[in-house]
Structures are given as C-alpha cells and as structure tokens.
Amino acid sequence: MTAGAWRAAAQVAFSLVLTTMLGGCVMFERAPMALSCDPDLVGRWLPLPAEGQQDTPLGPDDYADVQPGCRALLSDAASGQSPRFNALGFRDGGHRYLAFGRQDLDSLFRAMPEPPHSADLAPEAVFLTRYRIQDDVLEVALPNLVQVLGEMADLTVAADPAQPTVRMFEGTPDQLLALLRQHPDLFDDFDRAAKVLRMRRAPAADADAP
C-alpha cells in the first residue's frame, strides 16, 4: 500500500482502520464472537507518529473519542467531518479485535469522494482489526492484504463482484474463530511500526475538552 493509501486508511480507522478498501479489503461474513464494549477503549485518543512515517496518519488536531458503551466519534479537523460509529469487538485469548459492521462503514466512509458500496456486502459482514493497548498507547493492525490475496486467497470469496479486491472469509462464527486462531499472521505484525496505527490516551483534562 502506498503512503497515501495508508494515510487514507488510517484516517478512517480505529474507528480508524477501514480504508484498505481503497486498494483492497478483507471482510468476514459475520463476527466470529459476540461483540461487546472493551472498557479499556473508553476515553479520548490522540494520534502518534509511526516509525518509518514522516507524518502521523491523522493530523495533530484530530482525535477519536470513545464513550462508555463504545459509541465513538472520529474528529477529522481537515475535512470538518466527525463520523460516529460503534467501536465494539471481542477478545480471544491474548488477542483483541474491533469489528465494524455495514452501518459503521457507511458512517466512516460517507465523506470519501467515492465511498465503497457497503450495501452490496453480506448483511452481517464485518471488517476486523486487531489491537492492543500498552502503557496508554493504542495500536491498531490491519489485515495483511499480501497474505490474504496470496497464500490465503483460496480461503476467500469475492465479497462484491464489482470490487474484486474486496475479499470475504465465509463460515459460521466457530469456523471464523478457528480461522483467526490458525492464521495469526492474518493481521500485520505490531512490531512493523510503519504498518500500525498508533494513538495515545489523552490526559484527563484534554479528554474532558469539547
């Protein structure tokens, strides 16, 4: 993915992390587990630069605000847009995931010049990201498209015939959970800093600001 495509992806993601659809995307037919709110996400998050990137993917005046219950807002100062969405997810062992459904995608992509056609996706389809929180730093990893479109291509189907690079993993929740466990390399490695969106938790005074 080019630097520009990654920057666009990061502006949508965490919320935040969705515009891999600009150059390809990996969907799941449904969430592998029941979704809930991770209380560790509640608060305001400010963008951090990633090693290997000259600029932060989000601007210095941007932020993500996650309320109790994980209703979230992404403030994009450059566009003046503040899409709202659900930052719900699940845990499996030591891994934590965010799952974005069609309504969340619609909200996050609304400001794009040519938004993806989420209406063509399966009704329960979700876009997954893997994340971790260490020392008040949130890191969000996208699916590894090289892996998915290469070695794992036979495990996916076209989610939308009009968008051939939008791939989908099909199956029951148990089957999709087993897929995640069998393929830990399905998501980018947190240690590959240039590929991971990073944000820090805002101090309490900043988090209370409008």
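These legends walk through a few close-up views of a predicted model.

**View 1. Phe 85 and Phe 100 form a tilted aromatic pair.** Rings are paired here if their centres lie within 6.5 Å, and by this rule the count comes to four aromatic pairs. In this one, the ring centres of Phe 85 and Phe 100 are 6.2 Å apart and the planes meet at 55 degrees, so the pair is tilted.

**View 2. Tyr 97 and Phe 187 make another tilted aromatic pair.** Here the distance is 5.6 Å centre to centre, with 55 degrees between the planes. Tyr 97 lies in strand E7, while Phe 187 sits in the loop between helix H4 (173–182) and strand E12 (196–201), so this pair ties together parts that are 90 residues apart in sequence. Tyr 97 is buried, and Phe 187 is too.

**View 3. Arg 44 lies over the face of Tyr 63.** Look for Arg 44 at 3.9 Å from the ring centre of Tyr 63.

**View 4. Glu 139 is a buried residue in strand E9.** The strand spans residues 137–141, and Glu 139 has 9% relative accessibility, so it counts as buried. Its side chain is joined to that of Arg 132 by a polar contact of 2.5 Å. Beyond its neighbours within four places in sequence, Glu 139 is in contact with several residues, including Tyr 131, Phe 190, Val 196 and Leu 197.

Technical notes:
Residues are numbered from 1 along each chain as its sequence is written. This is a predicted model: local features need pLDDT of at least 70, side-chain atom pairs count only at pLDDT 80 or more; totals for chains, interfaces and linings use all residues. Side-chain values use heavy atoms; hydrogens and water are left out. Rings of Phe, Tyr and Trp (its six-membered ring) pair if their centres lie within 6.5 Å; planes under 30 degrees apart count as stacked, over 60 as edge-to-face and the rest as tilted. Helices (H or I, at least four residues) and strands (E, at least two) are DSSP runs, numbered from the N terminus. Buried means under 20% relative accessible area, exposed over 50%, partly exposed in between (1.4 Å probe, protein chains only). A charge sits over a ring if NZ of Lys or CZ of Arg is within 6 Å of the ring centre and within 35 degrees of the ring normal. A polar contact is a pair of N or O atoms within 3.5 Å; within protein, one must be able to donate a hydrogen and the other to accept it, and residues adjacent in sequence count only if both atoms are side-chain atoms. Contact means heavy atoms within 4.5 Å.
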